[in-house]
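Please look over the sequence and the model shown here before reading on.

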Amino acid sequence: MITSAPPAPPAPPAPADLRARRESADASATAWALAARAGDTDAVDRFVRALHRDVLRYVSYLCADPQAVDDLAQDTFLRALGSLHRFEGRSSARVWLLAIARRAVTDGFRRAAVRPRRYDGSDWQEAVERAQPRGVPGFDDGIVLVDLLGALSDERREAFVLTQMLGLSYEEAAVVSGCPVGTVRSRVARARAALMELVV
C-alpha cells in the first residue's frame, strides 16, 4: 500500500511580505486616525482596534506591574483621542501612538513613586503564580521570553521590543524612544548579543 507523505507546512512569509503587510496596516491605521480626526466615529473604533494589541504588547514590556498594563493602554488611547486633532500624519499612527504609550508608562512610574502601593497578603509571589493561566499554548515559551527580556537593561529591552517584536524600523523606534537611530541600532545589537549569551 502506497501512502503519500503529509503535505509540507506552508513556508513562513518572506521578510519583504511581512514588511509590505506592516506598511499596509500602518497606512490603514494612519488613514483611520486622520478620518477620526475629521470626526468619523467609525474610524475611531477601527483605529483603536488596529493598534490595541501593539500598545498592550509595548506597554507590558515597559511596565513592571502586569496589573497596570490595561490601565496604561487605556490611558494611552485616551491621551491619543484627546490629542487626535493635533495628529497630522507626519509619522505613522502606530509610531505616534507608541510614543504616547511610552509617555503614559513614564508618567505611571512617576505616580507609583509618589504613592507606592502595599500588598497586605503574606506571600505575594504565590498569589501571582496562582493567578497565571496554565495550559495555554505557548505559555511556557512566553514565560521564558519574559524572563530573558527581563535580564536586559530598560533601554535595550525597549529597543528590542520595538524593532524585533513590534516590527518598527530603526528610524520609527528612534522617534518613539526619543534617541538617535544609531543608539537604537546599538541597543538592539547589544540586546541580541546578551540574549544569545543567555540562551546558549
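## Contacts around Thr76

Two residues are said to be in contact when heavy atoms of theirs lie within 4.5 Å of each other. In this predicted model, and leaving aside neighbours within four places in sequence, Thr76 is in contact with Val55, Leu97, Ile100, Ala101 and Ala104. Thr76 itself is found in helix H3, while helix H2 spans 41-62 and helix H4 spans 93-114.

Is Thr76 buried or exposed? Thr76 counts as buried, because its relative accessibility is 0% and the cut-off for buried is under 20%. The C-alpha atom of Thr76 is separated by 8.7 Å from that of Val105, although the two residues are 29 places apart along the chain.

## The overall fold

The protein contains 9 helices and 0 strands, and reading along the sequence gives the pattern α-α-α-α-α-α-α-α-α. Of the 200 residues in the protein, 31% are buried. The accessible surface comes to about 13,000 Å², and carbon and sulfur atoms account for 55% of this surface.

Contacts can also be sorted by how far apart their partners lie in sequence. Among those between residues at least 6 apart in sequence, 65% join residues at least 24 apart.

## The nonpolar core

How many residues does the largest nonpolar core have? This core has 45 residues, and those with the most contacts inside it are Val55, Tyr58, Val59, Leu98, Leu149 and Leu162. At least two residues of this core are supplied by each of H1, H2 (41-62), H3, H4, H7 (154-165), H8 and H9 (181-199).

Val59, one of the residues with the most contacts inside the core, touches Val69, Leu72, Ala101 and Val105 when residues up to four places away in sequence are not counted. Ala101 is also among the residues in contact with Thr76.

## Thr30 and Ser91

Thr30 is found in helix H1, which covers residues 15-37, and at 12% relative accessibility Thr30 counts as buried. If residues up to four places away in sequence are not counted, Thr30 touches Phe87, Gly89, Ser91, Ser92 and Ala93.

Where is Ser91 found? Ser91 is in the loop between helix H3 (69-82) and helix H4 (93-114), and its relative accessible area of 28% makes Ser91 partly exposed. Beyond its neighbours within four places in sequence, Ser91 is in contact with Thr30 and Trp96. Ser91 and Val175 are 84 residues apart in sequence, yet their C-alpha atoms are 9.0 Å apart in space.

## Helix H8 and the cysteines

Helix H8 runs over residues 170-177, and among its residues Glu172, Ala173, Ala174, Val176 and Ser177 are buried. An α-helix has 3.6 residues a turn, so residues three or four places apart point the same way. After H8 comes Gly178, whose phi is positive, near 70 degrees.

A disulfide is a covalent bond between the sulfur atoms of two cysteines.

Definitions and conventions: Residues numbered from 1 in each chain as written. Predicted model: local features only at pLDDT ≥ 70, side-chain atom pairs only at ≥ 80, totals over all residues. Heavy atoms only, no water. Helix = DSSP H or I, 4+ residues; strand = E, 2+ residues; numbered from the N terminus. Buried < 20%, exposed > 50% of the residue type's maximum accessible area, 1.4 Å probe, protein only. Areas by Shrake-Rupley, 256 points an atom, 1.4 Å probe, with all protein chains shown as cover. Core = buried A, V, L, I, M, F, W, Y, C linked by side-chain atoms within 4.5 Å.
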